[in-house]
Amino acid sequence: LIDYLDLHPDVIVLVRKHPSETPTSNIPHERIIAVPNYSHRLAQKSLFDLFLKSDLAISFSSMVSYQASWFNIPSINFEVSQTSRLPFVDDVSVFHAKDIVKLKSYLDEFLLSKKVPESKREKAKASKKIADIISQA
């Protein structure tokens, strides 16, 4: 990501650490910004707030990949493996990047070509999508 940020000065990366992750102060780039930790009760809300402001989500074999799809933003699941362990990787809204080359390709596709135009995102309907998923369970 650091190399990508150096090539694309208009990109900012917001990092939200997993609640069980230990805090660190080593942020390797001035455009990688760590989001403050929230209480366990507000953790999901803070994640959803980030999705509302994001053009893309990147996670590491996490449910976050699926949750980002509720907000109609492309989600890249980065796992160094040929296939993802996640059952919801569909290459429609959740994509599997098995290496740095594929990650860069997806970043270019989603950030430079704006694959999903802002006008078609309908992020405000995320709560309806979440309710539909819950009601189908």
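This is a predicted model: local features need pLDDT of at least 70, side-chain atom pairs count only at pLDDT 80 or more; totals for chains, interfaces and linings use all residues.

Trainee: Which residues of H4 are buried?

Mentor: Start with the general idea. An α-helix has 3.6 residues a turn, so residues three or four places apart point the same way. Now the case here: Leu103, Tyr106, Leu107, Phe110 and Leu111 are the buried ones in H4. Their arc around the axis is only 105°, which puts them on the same side of H4. Val101 and Leu112, on the other side of H4, are exposed.

Trainee: How do I check the length of H4, and what should its 13 residues span?

Mentor: Count 1.5 Å a residue: helix H4, residues 100-112, should then span 18 Å. The C-alpha atoms at its ends are 17 Å apart, which agrees.

Trainee: Which residue caps the N-terminal end of H4?

Mentor: That is Asp99, with a side-chain oxygen 3.2 Å from the backbone nitrogen of Val101. Val101 is also one of the exposed residues of H4.

Trainee: Next, the cores. How many residues does the largest nonpolar core have?

Mentor: The general idea is that in soluble globular proteins, nonpolar side chains tend to be buried together. In this model the largest nonpolar core has 15 residues, and Ile76 and Leu107 have the most contacts inside it. At least two residues of this core come from each of H1, S4, S5 and H4. H4 gives the largest share, 5 residues.

Trainee: What is Leu107 in contact with, leaving aside its neighbours within four places in sequence?

Mentor: Its partners are Leu1, Tyr4, Leu56, Ile58, Ile76 and Leu112. Another core, of 9 residues, lies apart from the largest one; Phe48, Ala57, Ala68 and Ile73 are among its members.

Trainee: Now let me step back to the whole chain. What pattern does the protein chain follow along the sequence?

Mentor: Read in order, it goes α-β-β-α-β-α-β-β-α-α, with 5 helices and 5 strands in all. Of the 137 residues in the protein chain, 36% are buried. For contacts between residues at least 6 apart in sequence, 39% join residues at least 24 apart.

Trainee: And how much of the accessible surface belongs to carbon and sulfur atoms?

Mentor: The protein chain has an accessible surface of about 8,900 Å², and carbon and sulfur atoms account for 59% of that.

Note on methods. Residues are numbered from 1 along each chain as its sequence is written. Side-chain values use heavy atoms; hydrogens and water are left out. Helices (H or I, at least four residues) and strands (E, at least two) are DSSP runs, numbered from the N terminus. Buried means under 20% relative accessible area, exposed over 50%, partly exposed in between (1.4 Å probe, protein chains only). Contact means heavy atoms within 4.5 Å. Accessible areas come from the Shrake-Rupley method with a 1.4 Å probe; for residues, only the protein chains shown count as cover. The expected span of a helix is 1.5 Å times one less than its number of residues. The arc is that of the directions from the helix axis to the C-beta atoms. A polar contact is a pair of N or O atoms within 3.5 Å; within protein, one must be able to donate a hydrogen and the other to accept it, and residues adjacent in sequence count only if both atoms are side-chain atoms. A nonpolar core is a set of buried Ala, Val, Leu, Ile, Met, Phe, Trp, Tyr and Cys residues joined through side-chain atoms within 4.5 Å.
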